[in-house]
Amino acid sequence: QVQLVESGGGLVQAGGSLRLSCAASISGFSINAMGWYRQAPGKQRELVATITSGGSTNYADSVKGRCTISRDNAKNTVYLQMNSLKPEDTAVYYCYAHVIRGGVMNIYWGQGTQVTVSS
């Protein structure tokens, strides 16, 4: 069983910062990439940032320079530090993990955490 538990969302004013965390509870599996997607009302889910087990990162153009993704492999936890937040960053943020089990990779999702940026 794999569970991803997110925390750190909330309401913040434009220009403020938030740090999201996502802890994966796994047993006997390996985690490859982890990351964050977001979905704003009426819009499709979009990639925010990813990080591999080796630490390579990738960001959406819309958050480059404002967000930093990191992970603690020992804790199976991924973080998203978001600075200079804008109202357009308002969305539900979902973390994901690519978990390797029996040679097969599956993707697991967290329940989502709301981020609201007021202008």
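Student: Hi! How many residues does the largest nonpolar core have?
Tutor: In this predicted model, the largest nonpolar core has 31 residues. Those with the most contacts inside it are Trp-36, Ile-69, Leu-80, Met-82 and Tyr-93.

Student: And which strands supply at least two residues of this core?
Tutor: They are β3 (18-25), β4 (30-39), β5 (46-51), β7 (67-72), β8 (77-82), β9 (91-101) and β11 (113-118).

Student: Okay, which one gives the most?
Tutor: That is β9, with five residues.

Student: Switching to sheets: what is the order of the strands in the open sheet of four?
Tutor: The order is β1-β3-β8-β7, and the pairing is antiparallel.

Student: Which strands stand at the edges?
Tutor: β1 (3-7) and β7 do. Each has a single partner strand, so one side of each is left without a neighbour in the sheet.

Student: How much are neighbouring strands turned against each other?
Tutor: On average by 15° in this sheet, ignoring direction.

Student: How many bridges join β3 to β8?
Tutor: Six, and the two strands run antiparallel. As one case, Ser-21 has Tyr-79 in β8 as its bridge partner.

Student: Now Cys-22. Where does it lie, and is it buried or exposed?
Tutor: Cys-22 lies in strand β3. It is buried, because its relative accessible area is 0%, and the cut-off for buried is under 20%.

Student: What does Cys-22 touch, leaving out residues up to four places away in sequence?
Tutor: Its contacts include Leu-4, Val-5, Met-34, Trp-36, Val-78 and Cys-95. Trp-36 is also one of the core residues with the most contacts.

How values were computed
Residues are numbered from 1 along each chain as its sequence is written. This is a predicted model: local features need pLDDT of at least 70, side-chain atom pairs count only at pLDDT 80 or more; totals for chains, interfaces and linings use all residues. Side-chain values use heavy atoms; hydrogens and water are left out. A nonpolar core is a set of buried Ala, Val, Leu, Ile, Met, Phe, Trp, Tyr and Cys residues joined through side-chain atoms within 4.5 Å. Buried means under 20% relative accessible area, exposed over 50%, partly exposed in between (1.4 Å probe, protein chains only). Two strands pair if DSSP finds at least two bridges between them. Axes are lines fitted to C-alpha atoms, for helices over the stretch in contact, and angles run from 0 to 180 degrees between N-to-C directions. Contact means heavy atoms within 4.5 Å.
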